[in-house]
Amino acid sequence: MTKPTDHRMPELDFNTPALKRHRKIRALKDRMAGMGIAIGGSSVILAVLLICFYLLYEVAPLFSSASIDLEASYSMPAEDQGESLYLTTEEQAEVGMRVASNGSIVFFSVADGSVIDTVKNLRTEKVTAFAVESDTSHLMAFGYEDGKALIVKHDYRISYPDGKRKITPVVEYPYGEDAIDVADFAIKKLTLRDGSDAMTMAAIGDNSSAITKVTKEVNFITEEVELSEQSEPLPFVADVASMLLSGDQRYLYVATRSGAMSEFDLRDFDNIALKDEMSLFNGDAKLVSMTYLLGKSSIMVADSSGRVSQWFNVRNDATNEEKLTFIRDVKQPVALVDLAMEQRRKGFATLDERGLVAIYNATSTRQVIDEKLSDNTARLISFAPRANGLLLEDSKGLHFYHVDNEHPEVSWSSLWGKVWYEGYQEPTYTWQSSAANNDFEPKYSLMPLAFGTLKAAFYAMLMAVPLAICGAIYTAYFMAPALRRKIKPVIELMEALPTVILGFLAGLFFAPFLEENLAATFSILVVLPVGILIFAYLWSRLPQQIRWLVPDGWQPLVLIPVVVFLAWFCLALSPIIELNFFGGNIRGWITHDLGITFDQRNALVVGFAMGFAVIPTIFSITEDAIFSVPKALTQGSLALGATYWQTMTRVVLPTASPGIFSAIMIGMGRAVGETMIVLMATGNTPIMDANIFEGMRTLAANLAVEVPESEVGSSHYRILFLAAFVLFIFTFIVNTIAETVRQHLRKKYGSL
């Protein structure tokens, strides 16, 4: 008798030791993978934050406040020599110097006020005027009641006896110990300006004025400098408070106490003429001080209303003449007593009646210090050569203050606003961080660099986006799979090409080629798409037997000879176009007829070169996004009667839009951060001009050029880090916008 068959499923045991061990191992692997992903993601976020914090660490000192601290106070050194006419220190701010009213020069220790040396006045006549050529030249002049002037120079010699530094002050007489005849009257006001070829001095008395030029000529036999003097009368100006000679000795500025300025032209020394008259200020204010800022271009005028104004010559385009023009001013609430200039920067300090000292930078108009340092008896202030110290004289004696003011030239307005720089005809956005001379005014506007970054990215994206997206659409949706497997890796391989090679080729080969074939370049932009459309139309009208010779999806191969032919046709036609429509020279036509500046390495070159570098990134991401659209969506659309093109535009592209937008934004980030192509394929000039035939300088290229040459810790160095931080923030904003839009598009079309 047979047993009945049991049709029940056998029971499976999922808790065997082997399965339990397998599940434990898999769970351990899952936990380790999760931890690895979390650690990796956290590390990336941490690295980005550390970069951000480091940039902020380098940038923060730019905007930190300055400080001033008292280091020493003592009674007036050699007080018996009279009141001080002038105060200064040597380079190390260890030895101070004051010029007394009797003509004596007193050197003293800045630390304790002890007198090091006193140089008596060489002449017995009374000193009636005193002038300083400039703080940096150390040249001074004493005017006397007999109409003569003595030129004096203070200097400091450093030696190291027993291994210790010793600073020895000396007084020199570069024009001899005999005074120079300047006038035949008692000198009340005196000014001088020295140069390599001549020295000029102007003097004013009670009722007369005169000017003297001392010309220097080198004797070719003895190689000694021979001096010759020429004196001429000056038109007299009453109630003169201050006089200045321009740095090139071409103009003399005479200002009265009421602020009336007379400008004399000294270029024809035998026929000195009044060039211009103006008012330095309005109201009942009185002139306190008039002196040159560093560089002898800007005149700083302080008055009793508490105002300090800056003036310099601006050339008029119509008349081609220079005119002294008001530029900017700063204001204190009470009357000023003295004005001191920094010797190596465009900074100055004011001393008012309350004993309050304010320190400004002329370019940024930034007030960095505003502190009360003395009572209302303060009368003189002076900067140390490095602007790290300040001497102040009041009724109690002398006080030396240490000044910590590293970056006064940096302000929001100087970084992002228009600034009227010396020698410019109007306020501009300018980046020029260095120059050949020490009197240079740094120009740290980031606007040209930010504009250049956006300009380069715009032209690169203008070329890359249409080509990359259209190519990705065709490759992913219409191209034959076998051909796609060959084309896609080749285009992605383009991304591996070093950008320095692209920049090299763009700068040395493509830029000259483009300049010589401008007509062909612009005709290709029209002829190529039109020619392809015409060929496509003709191809669609061919008999099916001919069209079927090319398998479906392989048609792009037929276009290759068409594209080559059209490009050759445009190049061959280029000379004919130039000859018949542009007078034989399209570049000359652009420059002279249109008035557009043409630079060989320009935005057009960057657009082609950088677009070539960005295309693989946009193409690859876009192609993957389109190819990843589920086949069920396209098949359903086609089954409902939609054409391939309708399916592409209404189903595939909306579904792939998050990925396409991400591709565009990633490509833009690549274009914004590109360095070598922009560096080598443009003129690298930081200008703000949307002209496609002009170059630019980007933030990234500027960092590559200037960071290796900047002084560590300087304003220039930190502003470059600020530029890097701006680039970092810009990239962060672009990525944030990209992710926000991507999530929005994904939510909107995710239900398809």
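Helices (H or I, at least four residues) and strands (E, at least two) are DSSP runs, numbered from the N terminus.

## The model

This is a predicted model, where local features need pLDDT of at least 70, side-chain atom pairs count only at pLDDT 80 or more, and totals for chains, interfaces and linings use all residues. Residues are numbered from 1 along each chain as its sequence is written, and side-chain values use heavy atoms, with hydrogens and water left out.

## Charged patches

R26 lies in helix α1, residues 17-59. Patch residues have over 30% relative accessible area and no salt bridge, and like charges are joined within 9 Å. R26 is partly exposed, because its relative accessibility is 48% (buried means under 20%, exposed over 50%, partly exposed in between, with a 1.4 Å probe and protein chains only).

A patch of negative charge gathers D69, E71, D370, E371, D404 and E406 on the surface. Two or more of its residues come from each of β1 (67-74) and β26 (366-372). E406 sits in the loop between β29 (397-404) and α2 (412-416). E406 counts as exposed, because its relative accessible area is 51%.

## Salt bridges

Side chains of opposite charge can pair when their charged atoms come close. A salt bridge here is a side-chain nitrogen of Lys or Arg within 4 Å of a carboxyl oxygen of Asp or Glu. The count comes to 29 salt bridges.

E58 and R718 meet in one of them, at 3.0 Å from N to O. This pair links distant parts of the chain: E58 is in helix α1 and R718 in helix α15 (residues 715-749), 660 residues apart. E58 is buried, at 9% relative accessibility. R718 is buried too, at 15%.

R157 pairs with E172, with the closest N and O atoms 3.4 Å apart. R157 is in strand β8 (residues 148-159) and E172 in strand β9 (residues 166-172), 15 residues apart. R157 is partly exposed at 48%, and E172 is partly exposed at 27%. Elsewhere, R484, K488, E492, E623 and D624 are linked in a network of salt bridges.

## A buried asparagine

N121 is in the loop between β5 (115-119) and β6 (127-134). N121 counts as buried, because its relative accessibility is 17%.

The N121 side chain makes a polar contact with the side chain of Y144, at 2.8 Å. A polar contact is a pair of N or O atoms within 3.5 Å; within protein, one must be able to donate a hydrogen and the other to accept it, and residues adjacent in sequence count only if both atoms are side-chain atoms. The side chain of N121 also reaches the backbone nitrogen of R123, at 3.3 Å.

Methods: Patches are made of residues with over 30% relative accessible area and no salt bridge: like charges are joined within 9 Å, nonpolar side chains (Val, Leu, Ile, Met, Phe, Trp, Tyr) within 5 Å. Accessible areas come from the Shrake-Rupley method with a 1.4 Å probe; for residues, only the protein chains shown count as cover. Lys and Arg count as positive and Asp and Glu as negative; His and the chain ends are not counted. The place of a charge is taken as NZ of Lys, CZ of Arg, CG of Asp or CD of Glu.
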